[in-house]
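Please look over the sequence and the structure below before reading on; the paragraphs that follow begin with one side-chain contact and then widen to the chain.

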Amino acid sequence: ASSSTVGWGGEPDRAIDGNTDGNWGGGSCTHTDTNPAWWQVDLGGTATINRVAVYHRTNCCQDRLASANIVVSMTSDFSSGTNCGALTDYSQQPETTQCGAAYGQFVTVSLTGGSSGGVVVTICEAEVWGYPNTGDDCVAGGGSGSSPPLATCDGNICGVINTKATDGVAGYTTYNCSISLGNDGVHSNVY
């Protein structure tokens, strides 16, 4: 993980240490100290991201991430990435932002305003949920265009993709896809 700056010893790796303790003294929260501020994780490979869960600091300053944006991008330059949406309800622990199957390798929490004036990103844990290395499951055969895929697996959960052919655009067939998950029926935690 990385961040725009590090303040008060709040290293960026604290947000991915598996510890959701929101108390600053617990040593599990990040801290930046310059505007604009951001925190970013490299997933180590591309993934289809469905949602991002952020655990806020709880012993003070819970509103610091109000208005922060969650961005999924292919590179560490998140300016051209997919904006999943803003964090708006810091009373939720964790606060979850839906990403609607955004595709990329980097997930960024970007802050330019909020109660700290865009200076302080404090994340006590971040969870990225989706499917690693899948790309667009609705593209036939992993991109060949010849037929719809029959299943997708992420190493932990396999699911059958139910397809229904519909009229396409000039010579192409499009498929309406839905996924019936096996195992426990939930998305896997990508990071």
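The side chains of Thr122 and Arg64 are joined by a polar contact of 3.4 Å (a pair of N or O atoms within 3.5 Å, of which, within protein, one must be able to donate a hydrogen and the other to accept it, while residues adjacent in sequence count only if both atoms are side-chain atoms). This is a predicted model, in which local features need pLDDT of at least 70 and side-chain atom pairs count only at pLDDT 80 or more, whereas totals for chains, interfaces and linings use all residues. Residues are numbered from 1 along each chain as its sequence is written, and side-chain values use heavy atoms, with hydrogens and water left out.

Thr122 sits in the loop between β5 (95–111) and β6 (125–132), strands being DSSP runs of E with at least two residues, numbered from the N terminus. Thr122 counts as buried because its relative accessibility is 3%, where buried means under 20% relative accessible area with a 1.4 Å probe and protein chains only. Leaving aside residues up to four places away in sequence, Thr122 touches Cys29, Thr30, His31, Arg57, Arg64 and Leu65, a contact meaning heavy atoms within 4.5 Å. The C-alpha atoms of Thr122 and Trp39 are 8.8 Å apart, although 83 residues separate the two along the chain.

Across the chain there are 10 strands and 0 helices (helices being DSSP runs of H or I with at least four residues). Of the 191 residues in the chain, 41% are buried, and among contacts with a separation of 6 or more, 67% come from residues 24 or more positions apart.

Notes
Buried < 20%, exposed > 50% of the residue type's maximum accessible area, 1.4 Å probe, protein only.
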